[in-house]
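Look at the sequence and the structure first, then read on.

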Amino acid sequence: MGRLSTLGKRVGDLGFLASGGIINWFPGHMAAATRAIFDRLKVADLIIEVRDARIPLSSANEDLQCMLSGRRRVIALNKKDLANPNITQHWIRHFESCKQDCLSINALSKSSVNQLLSLVELKLKELISREPTLLVMVVGVPNVGKSALINSIHQIAISRFPVQENIKRATVGPLPGVTQDIAGYKISKHPSIYVLDTPGVLVPSVQDIETGLKLALTGAIKDSVVGEVRLAHYLLALLNTRKTPLHWDRQLKGNTNESSNVQGEVVQNILRDSMPNRRNRLNTSDVFYIQDLVKRVQKTLCLTFTEFEGNLEEESELESLIHKQLTQLQKTFRIPEECDDAQLKVSKKLLTLFRTGKLGRFILDDIREVDPVT
């Protein structure tokens, strides 16, 4: 999925994408947070490692893996609603083949989080019988949904246990790096179980360019660090080399017989889930406007892809196709031709559609590139 056979390069290693250099984002608070996490990991009874289901490998903090190896751990692949469910199952089987508990979740879904808690309780069953206090740590890179998960756990805990203490909510935000302190939350009295939410931390330097681009594309690294235009080029390179526009073409033709009411309901649910903090509800016109916009974007990319007569495995020709697609998307998004920062605006809109799942459900990591015995 992520390789160009003739070039022998991964998409992120192509010249027009790699020219931006290695991606580094390690704010000062991350260094202190990393030290604090390492200290607390030593006393944790179980670790919930939250990863982004769209990048099951790339969203792992490599510096933490040596500490997590051999420990009671559950890998929670969050944002499963944005990831291809069939490929997700392949990833879960991969982790299980490595003797690692893994579960795909949606941190905003009560039933999904209940499944995770059941697995955690099963993993702690032996300790619960002899330890009065247990500590569960939630770790992960920025913006994978740790704080949203903590908040969901709190809501479930309140309904399950007669907890008398005031339970604080974790801070949730759309940008990486919102949680900058380590806070403990009591979720049970008998035994006392505490869940520690931790700041999202990256390795000081993401040496692999494609891993850095994947982290940035899914929101773990701030856009300003990489640049929205570079990310849009990377996204389009992925879509084109995977021939996703052809899939959209078949999908769009197949959807012509569906009821518009059903489609509108689906889009409305997606929008509601992707923007939980929005105060004003989307009305019907908003829903159908976005639905129509998504179709127009997909049709634009389908048309430019099918009209392309070059060789996708030639880097310069792929780059030429991407530039043409961005130019056509400017018209699709109705951005004036004379706009000075048109490419930036197009890139931002395209990234938003991808990140909220409106373009489809994707997994960027390629399981075919993983050693089955690792």
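## Terms and model

Helix axes are lines fitted to C-alpha atoms over the stretch in contact, and angles run from 0 to 180 degrees between N-to-C directions. Helices (H or I, at least four residues) and strands (E, at least two) are DSSP runs, numbered from the N terminus.

This is a predicted model: local features need pLDDT of at least 70, side-chain atom pairs count only at pLDDT 80 or more, and totals for chains, interfaces and linings use all residues. Residues are numbered from 1 along each chain as its sequence is written, and side-chain values use heavy atoms, with hydrogens and water left out.

## Helices H7 and H9

Helix H7 covers residues 209-217, and helix H9 covers residues 228-241. They pack at an angle of about 105°, and their axes are 10 Å apart. H7 and H9 are therefore roughly perpendicular to each other (angles under 35 degrees count as roughly parallel, over 145 as roughly antiparallel, 65 to 115 as roughly perpendicular and the rest as oblique). On the H7 side, the contact (heavy atoms within 4.5 Å) is made by Ile209, Glu210, Leu213, Lys214, Ala216 and Leu217. H9 brings Arg230, Leu231, Tyr234, Leu235 and Leu238.

H9 is mostly covered, with 13 of its 14 residues buried. Buried means under 20% relative accessible area, exposed over 50%, and partly exposed in between (1.4 Å probe, protein chains only). At 1.5 Å a residue, the 14 residues of H9 should span 20 Å, and the end C-alpha atoms are 20 Å apart, which agrees. The expected span is 1.5 Å times one less than the number of residues. After H9 comes Lys243, with a positive phi near 60°.

## Helix H4

Which residues of H4 are buried? They are Ile87, Thr88, Trp91, Ile92, His94 and Phe95. They cover an arc of only 155° around the axis, which puts them on the same side of H4. The arc is that of the directions from the helix axis to the C-beta atoms. These buried residues pack against strands E3 (46-52), E4 (73-78) and E5 (101-104).

Asn84 caps the N-terminal end of H4. One of its side-chain oxygens lies 3.0 Å from the backbone nitrogen of Asn86. H4 is followed by Lys99, whose phi is positive, near 60°.

## Lys146

Lys146 sits in helix H6 (residues 146-160). Is Lys146 buried or exposed? Lys146 is buried, with a relative accessible area of 6%. A polar atom of the Lys146 side chain lies 3.2 Å from the backbone oxygen of Val141. Leaving aside neighbours within four places in sequence, Lys146 is in contact with residues including Val50, Asp197, Thr198 and Pro199.

Terms used
Polar contact = N/O pair within 3.5 Å; in protein donor to acceptor, adjacent residues only side chain to side chain.
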